[in-house]
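This briefing is for a reader new to the structure shown below.

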Amino acid sequence: MHSTASCCRYQFGSALQLFTVFLLICLWNNNHNKLCEARPQTVEHEKITVDKKCGYESCPKTKPNMLNVHLVPHTHDDVGWLKTVDQYYYGSQTLIQKAGVQYILDSVVQELLKDSEKRFIYVESAFFFKWWREQTPELQEQVKMLVNEGRLEFIGGAWSMNDEATAHYQSIVDQFTWGLRRLNDTFGECARPRVGWQIDPFGHSREMASMFAQMGFDGLFFGRLDYQDKMERLTTKSAEMIWRASANLDEPAHLFTGALYNQYQPPPGFCFDILCADEPIIDAKHSPDNNVNRRVDEFIAISRNMSKGYRTNNILVTMGEDFHYQNAISWYKNLDKLIKYTNARQENGSNVNLLYSTPSCYLKSLHDAGITWPTKDDDFFPYASDPHAYWTGYFTSRPTLKRYERVGNHFLQVCKQLTAMAPKIAGQFEPHLSFLREAMGVMQHHDAVTGTEKQAVAADYARRLEVAIRACATNTKEILNQLTIDTSRNTPERELGKRERRWATGPKKEYLFKFETCTLLNISSCAVPEQADKFTLTLYNPLAQTVTDYVRVPVPNVNYIVKDFDDVTIETQFLPVPAPVQDLNFRKSSATYELVFTATELPALGYKSYYITKTNGNNMKPVPDPPNQSSFTSIGNEFIRLNFDTNGFLVTVTSDGMTRIVNQEFVYYEAATGNNREFRNRSSGAYIFRPARDQVRSIALQPKLKIYRGDLVEEVHQSFNEWVSQVVRVYRQQRHAEFEWLVGPIPVDDGKGKEIVSRFNSDISNADIFYTDSNGREMIKRKRDHRDTWKLKLLEHTAGNYYPITTKIALEDDTARMAILTDRAQGGSSMGAGSLELMIHRRLLHDDAFGVNEALNETAYGEGLVARGTHYLIVGSSKKNQSPTTQAIERFTQLQKLLPAWSLFSNAENISYEDWRGNFTNIYTGVGMELPANIHLMSYEPWHENEILVRFEHILEKDEDPDYSQAVQFNVKNILTNQNIVDMRETTLSANAWLGDNQRMQFVPDGPEVAYNSYGVYERSLDQQLLLRADRPLAAAKFHNEVERDKREEEELLQMTTNRLKFNIYEAEELNRERAEKLRKVKVPIRRLHDENMKNDDDRFLIELSPMEMRTYILTIEKEN
């Protein structure tokens, strides 16, 4: 498997050694070698002699009573796509794509230095800081001048332009925090972006807009939205709006948002890049090719036509595209002429005014217009670029890479926390941590975690993340050894409940534990427990709550005992590694069993170690139940019970005192194939999900079953065919069931691509309504065949009803609720009453013609890719009168599955149990008081010197639980008692501005009397449908009459025309607006945490969190001498 089986078998030793040497050189030469800048310091700005006039103050003046055309020079630099990150930066592999980012920045800076009127925006911090380290101090000072004068403006500012469907909110916030910190440390306030610029992601999430608002951004502009939605918005002048991006947070999550007219390309015919073939402006007076008048006429006509879709006398025209400005003079020279000759016509009565501008200056003009704006409460998913191209396939594409990204986030949190808690700081800690931060930032790119890159680039992403994880693993190893071996501290007097923070009491040992991470645990393989007769297992809990976790250790036989530090032998159970896993041809493991035990009371933000010994006993090997052909088979516990019929399928689930019909099956959609020359001939591909027909095909009619039972867990091993199998399990005292699926190699010998789905059918009457999460946070209400803000017409019934599932999909009726949690991003839907489905794997044989030019046909070890993952099923009451509700249980489970205990193994052949128990610290917590279950310590990491960044979040919505949806108040000093906190100051969500100093622009919404029809509604003809070309969708958006059509396609498009001539606003069923208005009326009580033994009366350290609120603080720490 790609994420943990394939990618982790690369030989990275030499790469890691080189990286280590590089870091040592950097540390030795920290003050002199700019190339080694891994932790930039705050800049000394006194070298800059010019006055600062950046941000909105640097904006050019517009002209009243004229159409002000804001020309925005920009480049869109993918942090990997058709080429790897380094190939794009250095400009290699030109036969794949002519693109070199270093030349773009070199060229643009020189052009900006020549003319103070010119502007340029830049987005991708990953590329910028790679370039920045290579520049001379003199040029760096010149770039600082450009930033301070607002001529070079950073927009977005994250490490990459992240995807919004498959990226998890924790990773998004992390990569913004890091990119914005680098900008702030390098340039200061003038580099702080005020506008989001998500021009290429394939749809836009509500939570992303909410996070932009909470990070202090004033607005957001994006390029892609559904072609029906876009035409509606341009027709009704609602392409710019106030996005009310949270049903819980109200105005702090409102964000002005605009959809760009040309996606992000220049207008047709006006691309002046060396990569384009458009006609330049020829102004030689006596040249027979002089085209000034014609070109100006064309541009004025385009500008006036664009202005018909917007409310003010300002329009934004993007002047750039993918990897443009490698020779910036070709752009600027022609733009200078275009501005000069167009504005010259003002003397003859023209009302068109062209100016160099930026998105933030355009936003300022909209704000200054002083008008009201429409509002939006849902999101922009799914995105369709034409009637047959719904971009819903990438929700699942490359499932193993998606899982590996989630593993990377998990370990990043572990590494950040341990680095912040290190008793002794080592010089390499910060560079190692920054390396992983940046690798994870790259993974959020909209062609990385999405799975829409070429195969070679996907392998490079996995390699980068693997090396970064190994680098940060040296931090965790050293810090855990410090905590485990250090006996210099006094034992704390206070006990934490039944737990005590225990330090070694014997003499200090000069022994280093390995604390190794086993990256192949998902295929039950790990060298240490397979080879050692004695080993330790350290479980690090990254949550700020005490948790109980079930641990599975791959072992070669069943003769092992597990003991904790209190000389207590832990109850164990042995289960066979499922036969399909053992049979994987790339699995090189001697483990045939899994040792299962319960790790109870794992300390919050801490670890607990166990000593595991191979014995000479003769334990009973696990034996399955005898075959049952006459009655149902049942597994479960006192909270949840699953029943299987004689055919081997799940049929009912009993939970919360009721039994509901729930069955689960694997099915697949056959992928559509075509030549992509016409819309109806679109192939399913990396981006596009398009089944050949809406009906699914069954994978098996009677799976083979084996049932294993024990005191800790009961399991059903299902084998559907030679390439699909599953283990369904229920652990003791757990309220959910696990469905661990194994899919692949998907057969394609029949020449047909296949899209594999796990489908759960129930008797819950959900009336076509279901819920999907937004980046792992708030839930969005969905309805089949429906969009909240326009009347939807579908030619692709299945694909048009698929939505991104980052962590959860759910449905309910008045009595029951069913939810499925995922371990990675996937596409999902409810395609029938009471039904939920999740696409888990795809193997396709044709490209969809959206640029990758490769079929999504992943292979590994000479055959199709194998993927393994887990779904978590929760069924319960939909009532909310008793806590914890089913929704609260879902939230708690979701967090625990996102950040479970991280397993670290150490060979203990040379340490006896008595020595280990008496001389090492085998349990530790980093908190003085754990947080309640509804509060998550989302970030805990070292910041600047003597500073720690912390971020807390409330993980429930207002209406999910009577108790856990309450606001919570607590004192930070009572929580983080291991840090000597002397000051605390709140920042924006991204930690790049003090919250009290942050003033966002305010925009006024339309009043209730203003409807869509306020700005005129009329029916568009077929020739006015603005669509991407079927045969060359990346070229530009074109009106549909430029594409040849036959009679059948005319009939199809006739269905897609706008039909709002007589549309009444009250006919719109805005599900999410109704829910948001309901939640705005909810007043939540406050729960105050008190601990009499650790009472702290200093109000400076009090925090109050309301439902779904995230708050970020910088703690100042006083270090011990």
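Two strands count as paired if DSSP finds at least two bridges between them. Helices (H or I, at least four residues) and strands (E, at least two) are DSSP runs, numbered from the N terminus. This is a predicted model, in which local features need pLDDT of at least 70, side-chain atom pairs count only at pLDDT 80 or more, and totals for chains, interfaces and linings use all residues. Residues are numbered from 1 along each chain as its sequence is written, and side-chain values use heavy atoms, with hydrogens and water left out.

**Strand β15 and its partner**

- Strand β15 covers residues 547-555 and is joined by eight bridges to strand β19, residues 593-602.
- The two strands, β15 and β19, run antiparallel.
- Within this pairing, Asp 549 stands opposite Ala 599 of β19.
- Eight of the nine residues of β15 are buried (under 20% relative accessible area, where over 50% is exposed and in between is partly exposed, with a 1.4 Å probe and protein chains only).
- Strand β15 is therefore largely enclosed by the rest of the structure.
- In a regular strand, side chains alternate between the two faces of the sheet.

**Disulfides: overall count**

- There are five disulfides in the structure, a disulfide being a pair of cysteine sulfur atoms within 2.5 Å.

**Cys 54 and Cys 190**

- The sulfur atoms of Cys 54 and Cys 190 lie 2.0 Å apart and form one of the disulfides.
- This pair links distant parts of the chain, with its two cysteines 136 residues apart.
- Cys 54 sits in the loop between α2 (13-28) and β1 (67-73), while Cys 190 sits in the loop between α7 (169-187) and β4 (195-198).
- The disulfide of Cys 54 and Cys 190 is left-handed because the torsion about its S-S bond is about -70 degrees.
- Cys 54 is buried at 16% relative accessible area, and Cys 190 is buried at 13%.

**Cys 271 and Cys 276**

- Cys 271 is joined to Cys 276 by a disulfide with an S to S distance of 1.9 Å.
- A torsion of about 45 degrees about the S-S bond of Cys 271 and Cys 276 is why this disulfide is right-handed.
- Cys 271 is buried, with 6% relative accessibility, whereas Cys 276 is partly exposed, with a relative accessible area of 25%.

**Cys 518 and Cys 526**

- Another disulfide joins Cys 518 to Cys 526, S to S 1.7 Å.
- Cys 518 has a relative accessible area of 15% and is buried.
- Cys 526 also counts as buried, at 3% relative accessibility.
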